[in-house]
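Dear colleague,

I am passing on a structure for you to look through, and my notes follow below it.

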Amino acid sequence: MQKIKYKMKGICIYLFICIFMISIVKIQAEAKDDINMMQYIANESYIQMYVSGLENVTAMSGQVGRSAIEVKQETEQTAVHTIVLIDNSLSITKDNQKKINDILTEYFNAKSENESVSLAVYGEDITYLAENENETEKLIECLTQVVYENQDSYLTDILYDEMEKTKAEGEYTRFIVATDGVDNKAIGYTKEELTEYLKENNYPIYTLGCIYKNNTEELENLFALARLTNAEYFLIDEY
């Protein structure tokens, strides 16, 4: 994944350029499957876009209407904030609880030095066990603190609220979610509202889906979030 800046002048065309540049990258992604825009951060001076699949691209340019804009490909290592959300309800079986622990332990051991991780469990509410942690040992230790309880879990509300909180951070942020599917409160955000939010505020959502009873539809909705945000998804039972 690489970071690109589109520099521009004037506040009046700010929102238009945001929409236009996003559409350009999506068009490129359709033409070349391995090019995807993962996230963008915009202000009145530039749009910062995080794009995967540019390893073999040697030249880039940007244009709005007939006006060219400056494009700068960043060379420094991209800082990453990964937020891990674990559904700690009893719908996650004992076997899958162990698999989640194993997968995340392997992930923490392999993470890059510039990546900070926040680890949380959620049901109806969310509890953070670690926030912006860089030390692998501490993150692995936090996994031992996860306790699974007899409770309902509502991913739509949790994701929506957490994404709103990260807006002001101004850094590349992605989510890893381990759950048995997407569900919402009767008076909470719906999956359609979450989908519309993600179309305007893209946060990559990598998903680890767990089979529990007849949850095929819930898993399909979960994996749809990953596809929508150009992230990967896995059925943990096949791990």
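To begin with a term, pLDDT is the predictor's confidence in each residue, given on a scale from 0 to 100. The structure is a predicted model, in which local features need a pLDDT of at least 70 and side-chain atom pairs count only at pLDDT 80 or more, while totals for chains, interfaces and linings use all residues. Residues are numbered from 1 along each chain as its sequence is written, and side-chain values use heavy atoms, with hydrogens and water left out.

For the protein as a whole, the mean pLDDT is 82, and 74% of the residues reach 70 or more. Where pLDDT is low, the predicted coordinates should not be read in detail.

The secondary structure comes to 6 helices and 11 strands, where helices (H or I, at least four residues) and strands (E, at least two) are DSSP runs numbered from the N terminus. Of the 239 residues, 47% count as buried; buried means under 20% relative accessible area, exposed means over 50%, and partly exposed lies in between, with a 1.4 Å probe and protein chains only. Among contacts between residues at least 6 apart in sequence, 75% join residues at least 24 apart.

Helix α2 and helix α3 (residues 136–143) pack at an angle of about 170°, with their axes 9 Å apart. That makes α2 roughly antiparallel to α3, given that angles under 35 degrees count as roughly parallel, over 145 as roughly antiparallel, 65 to 115 as roughly perpendicular and the rest as oblique. Asn101, Leu104, Thr105, Phe108 and Asn109 of α2 make this contact with Thr136, Leu139, Ile140 and Leu143 of α3. By class, the contact of α2 with α3 has 5 nonpolar, 4 polar and no charged residues, where Ala, Val, Leu, Ile, Met, Phe, Trp, Tyr, Cys and Pro count as nonpolar, Asp, Glu, Lys and Arg as charged, and the others, Gly among them, as polar.

In the second pair, helix α5 (residues 191–200) and helix α6 (residues 216–228) pack at an angle of about 10°, with their axes 11 Å apart. That makes α5 roughly parallel to α6. Lys191, Leu194, Thr195, Leu198 and Lys199 of α5 meet Asn221, Leu225 and Leu228 of α6, and by class this contact has 4 nonpolar, 2 polar and 2 charged residues.

Side chains of opposite charge can pair when their charged atoms come close. A search of the whole structure finds 7 salt bridges, each being a side-chain nitrogen of Lys or Arg within 4 Å of a carboxyl oxygen of Asp or Glu. One of them joins Asp95 and Lys99 (3.5 Å, N to O); being 4 residues apart in helix α2 (residues 94–110), these two are separated by about one helical turn. Asp95 is partly exposed, with a relative accessible area of 48%, whereas Lys99 is buried, at 13%.

Another salt bridge is formed by the side chains of Glu115 and Arg174 (3.2 Å, N to O). This pair links distant parts of the chain, with Glu115 in strand β7 (residues 115–122) and Arg174 in strand β9 (residues 172–179), 59 residues apart. Glu115 counts as buried at 3% relative accessibility, and Arg174 counts as buried at 16%.

Finally, a few single residues. Gln97, in helix α2, counts as buried at 15% relative accessibility and touches Ile92 and Tyr148, not counting residues up to four places away in sequence. Most residues other than glycine have a negative phi. Asn132, in strand β8 (residues 126–133), has a positive phi near 50°, and Asn230, in the loop between α6 and β11 (233–235), has a positive phi of about 60°.

Key: Axes fitted to C-alpha atoms, helices over the stretch in contact; angles between N-to-C directions. Contact = heavy atoms within 4.5 Å.
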